[in-house]
Amino acid sequence: MIRPVLVPWRRGWPLVAAVAATQTVVLAWWESWVGSWSATAAALGQALIVTGPVAAAVAAWMARAERSGGTKLLRLASSRASHVPVLRMGYECSVWAGSGMLLGVAVPVIWTARVAEFGNPPPWGWVPLAAGIFGVCLLGVSAGMRLHPHYAAAVAAVGIYGATVIGVLAGDEILAALTPYDTRATFFYATPAWVYLAQGGWFALATAAVAGALHGAGRTAGVLAVAAGMLAAPLLLVGYNDRRPDPAALEFVCATGSRVEVCMPRAKAHMLTDIVDTADEFWKLADGLVSPGARLVDEEARGIPGFDAAFAALGVDTEGAPNVPFPDISAVTRLDRAEFLGSLVGAVVGQPPAGDTVLTIPYPARPGDVLTRWFYDRLGLPLDGSGWPGAPVLDERVVDYSSAADYLEWLSDLSPDDRQRWFATYRDEIEAGTIRFDAFR
Amino acid sequence: MMFVAILRVHGLDRRWVAWSTATWLSVYLFGAVALPLRYPAELRGEVVATGLVVGLILPAVAVTRLLDEGPAFQVLTAARPMLTSRLGWSSAVLVGQAAVAALVASGMSTTPQLLVVADALLLTAAAALSVALFGSSLAWLLPLLLVSVFTAPDVVPWSVNVLYRHTLAPLTFGVAAVLSVAAVATYAFTGSVGLWSRWRGTWKDTADPAQDS
């Protein structure tokens, strides 16, 4: 017996798959987009790298199951063109998967809307996402109709992943603008609306052309292919330059804490309060090694057109510049306290110059190790390298502190004033890494 | 002739050989494309290319075509118990796949061959388990799920990302072995109809072999 054409319980699967895939991908690395609209838009585009293949696989499986039901009969007996039932299935799947993506997108958008202090959601940013979902569903349905049921879903998913990754990888070259995936840092850029529209348009038309060609609508497919090519042409022309720096995003915003002033580009201004508090915490502890009243300037946007003007407007006086560089936060929109503080400690406590002696592990603690350990203990940073990716390992497995226990105790027992004086006296040696244990008294 | 007929029932014909060869060849191509997974692991050469792991889904799914047993109504009304033959056949398929994976991996000089073999076995076992649980047309489900979860950055803790990290290859083999045992055991009981299909009765959807070309 042939079941009704569309088996109801299957319909919702593309929605479930799209919600799950989008949420999983986007929320797993929320630290790198929350609070920045351009980064949030880019993250949603990148979610398509996983959502696309997953939706295509489900579409292929659905198409196959429906084909065993009645789509084939509908196609054979259709009084309309025989590709109409196929397109209809593609539409249905893309509506479900698109609704799933919409649900998946809602969480990051709401989250960023609550945190962001600069910018607006890109008004046309949803077009390539919708077109992407429509396109992969259509390709998935086509694969399900044409290929053996055992292979169809896997081929659709893997093929779409391969094609998109090649598009992303070739992103250095002319293909960059053809996909909505942007793996570059996007905080200080804005994408023009026409790029979003052309991306969505060319992808939807191109996949419709492929589906048409596979299902007996050759002439229509030809027209669609030409139209897709015409939309793709301007994207190929702009290539890597499909976005432009946003001067407003590069303007500096400053905030003053009790001991230090921090200046950051406006695009990341939502991190300012956290950074000022964390920097103040360090400045208080390292008093003597760092000068009070210093100004920390985030220069991650250096090299982007418009940065120099914004930097000049800041009026930085390099004479009294602090001896610590601004920690690298270029990939994140959320402050990682441990990494930030670890980077500051690394800047004020220098490593000893490489000598001829080869250290066997565990090696006896050197003066710099004692100082670093003291900072880590006081700031609550882990010594076992688990604090952040690339954190130094300074626990007993690597450093033997037993010979230096007295020095560590002496340092811990100092009053804040004595410590400030001691730090100020030996500041240059500590920074150069040439301080000796003789000084610990 | 009898033996050939049995292979045919399981879908092992010239077409399958062509498919399978094509999927293994495509793995070489996919090995050339990769997305950044976790900085700076790529720079240190600690991970395999994302394209390679995703590409391995294809041979994994292709080989589980051999676990097909023909029309569901015939399997469900079989006169003889199929437990032993299923145990033997599914084990042979997994071992054979590992052997082919080793052969293919030996041709990849720049990638860690051990991890490629382990990944191939793990994904094949996942596909076989998928067949046993959900039926033949959903063989792709578990491999795709596994690869999606392990490929999306930071979903799985980096310390246990068994699909991508070179140093974890022994652990990958362990996981693959556990999955293989689970797949063979489940398949021995359910066959290619699948546990879910039996329970829901959905195998009737494809009951007409004439439509199943």
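The structure is a predicted model, in which local features need pLDDT of at least 70 and side-chain atom pairs count only at pLDDT 80 or more, whereas totals for chains, interfaces and linings use all residues. Residues are numbered from 1 along each chain as its sequence is written, and chains are lettered from A and ligands numbered from 1 in the order in which they are written.

Chain A is assigned domain 1 (8–244), domain 2 (246–335) and domain 3 (349–441), with bounds that come from an automatic or database domain assignment. The centres of domain 1 of chain A and domain 2 of chain A, taken over C-alpha atoms, are separated by 39 Å. Contact, defined as C-beta atoms, placed from the backbone, lying within 7 Å, joins 17 residues of domain 1 of chain A to 16 residues of domain 2 of chain A. On the domain 1 side, the touching residues comprise 11 nonpolar, four polar and two charged, where Ala, Val, Leu, Ile, Met, Phe, Trp, Tyr, Cys and Pro count as nonpolar, Asp, Glu, Lys and Arg as charged, and the others, Gly among them, as polar.

Between the two chains, the contact draws 31 residues from chain A and 28 residues from chain B. On the side of chain A that touches chain B, at least two residues each are supplied by helix H1 (13–28), helix H2 (37–77) and helix H5 (149–169) of chain A, helices (H or I, at least four residues) and strands (E, at least two) being DSSP runs numbered from the N terminus. H5(A) gives the most to this side, with 14 residues, and the residues of the side divide into 22 nonpolar, six polar and three charged.

A residue is taken as buried if 20 or more other C-beta atoms lie within 10 Å of its own, exposed if 12 or fewer, and partly exposed in between, with C-beta atoms placed from the backbone. Leaving aside neighbours within four places in sequence, the contacts of Ile57(B) include Ala154(A) and Val158(A) from chain A, as well as Leu123(B) and Trp140(B) from chain B.

In chain B, helix H9 (residues 169–190) has 22 residues and reaches 31 Å from its first C-alpha to its last, close to the 32 Å expected at 1.5 Å a residue, the expected span being 1.5 Å times one less than the number of residues. Among the buried residues of H9(B) are Thr172(B), Leu179(B), Val184(B) and Tyr187(B). Seen down the helix axis, the buried residues of H9(B) fall within an arc of 140 degrees, so they line one face of the helix; the arc is that of the directions from the helix axis to the C-beta atoms. These buried residues pack against helix H6 (83–106), helix H7 (113–134) and helix H10 (195–200) of chain B, whereas the face turned away from them carries the exposed residues Pro170(B), Val178(B) and Phe189(B).

Cys137(A) lies in helix H4 (residues 126–146) of chain A and is buried, with 33 other C-beta atoms within 10 Å. Val348(A), in helix H11 (residues 337–348) of chain A, is buried with 21 other C-beta atoms within 10 Å.
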